Amino acid sequence: GKMLVSASGDNTIKLWRVEQVECLHTFHDEYAEPQIVAFSPDGNLIVATDNLGFINLWDIKTKDCVHYFNEDTCINSVAFSPNGKLLASVAQLKNPIKLWNIENKQCIHTLDEHEDSVCSVAFSPNGKLLASGSWDRTIKLWDVETKACIHTFNGHMGPVYSVTFSSDGNSLVSGSKDQTIKL
C-alpha cells in the first residue's frame with residue numbers, strides 16, 4: 001500500500017511512492033503504449049501490457065525488463081496468483097485464457113470454454129480458483145489445479161467487463177456493460 005504503478009500514453013510506466021507523491025522510477029517502453037499494469041504479490045515485479053500484445057515483466061529493484069510474453073494482440077486483463085507463481089492473461093479476439101509459469105516463463109495451460117472474448121480474470125485469495133468474465137455475458141469459475149471449468153454464472157445481459165473476489169474469497173463480484181454489478 002505504499003507504492004502505486006501507472007501507465008501512460010507517453011510510453012512510460014511510473015512507480016510512485018504514495019505518501020510523498022514522489023515518482024521513484026520511470027520505465028520506458030520504446031515500442032508501444034502500456035495499457036494495463038499490476039504488482040506481483042511480493043511487490044518485486046510489475047507486469048505491464050502494451051497495445052502490441054506484449055506482457056512485460058519489470059524487476060523493481062534492477063529496473064530491468066526481465067522477460068516478456070507475446071500474445072500478438074492487445075491484452076484485456078492480467079492477474080497474478082496470490083503466491084506469485086502464475087500469471088493469467090487474456091487477449092482480445094476470442095483468444096483463450098493463458099496461464100504462465102513466472103519461474104520458467106512458459107505458458108503451461110490454456111482455458112478456452114467462453115464463446116466470445118474474455119474481458120477480465122481474477123484469482124481467488126487462496127489461489128485455488130480463477131474467475132473470468134466475457135463478452136458472452138457469462139462468468140466462468142476455473143479450478144486452477146485441474147484447469148477445469150467448475151461453474152458458469154449467467155445473469156448479465158451484456159459483456160462482463162470486470163470480475164473480482166472478496167478478500168475472504170467467499171463472494172465474487174462482476175461488473176457488466178448492462179450497467180449492473182452482481183454479487
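Buried here means under 20% relative accessible area, with exposed over 50% and partly exposed in between, for a 1.4 Å probe and the protein chains only. The model is predicted, so that local features need pLDDT of at least 70 and side-chain atom pairs count only at pLDDT 80 or more, while totals for chains, interfaces and linings use all residues. Residues are numbered from 1 along each chain as its sequence is written, and side-chain values use heavy atoms, with hydrogens and water left out.

**View 1. The whole protein.** The protein has 18 strands and zero helices, where helices (H or I, at least four residues) and strands (E, at least two) are DSSP runs numbered from the N terminus. Of its 183 residues, 43% are buried, and its C-alpha atoms fill a box of roughly 45 × 35 × 30 Å along the principal axes.

**View 2. Strand S6 and its cover.** Strand S6, which spans residues 54–59, is mostly covered, since five of its six residues are buried. In a regular strand the side chains alternate between the two faces of the sheet.

View 3. Strand S5 (residues 45–50) pairs with S6 in the antiparallel sense over five bridges, pairing being assigned if DSSP finds at least two bridges between two strands. Ile46 stands opposite Trp58 in S6, and among the three residues between the strands, Gly53 takes a positive phi near 100 degrees.

**View 4. The hairpin of S6 and S7.** S6 also pairs with strand S7 (residues 65–70), in the antiparallel sense and over five bridges. Trp58 stands opposite Cys65 in S7, and in this hairpin, which has five residues between the strands, Lys63 takes a positive phi near 65 degrees.
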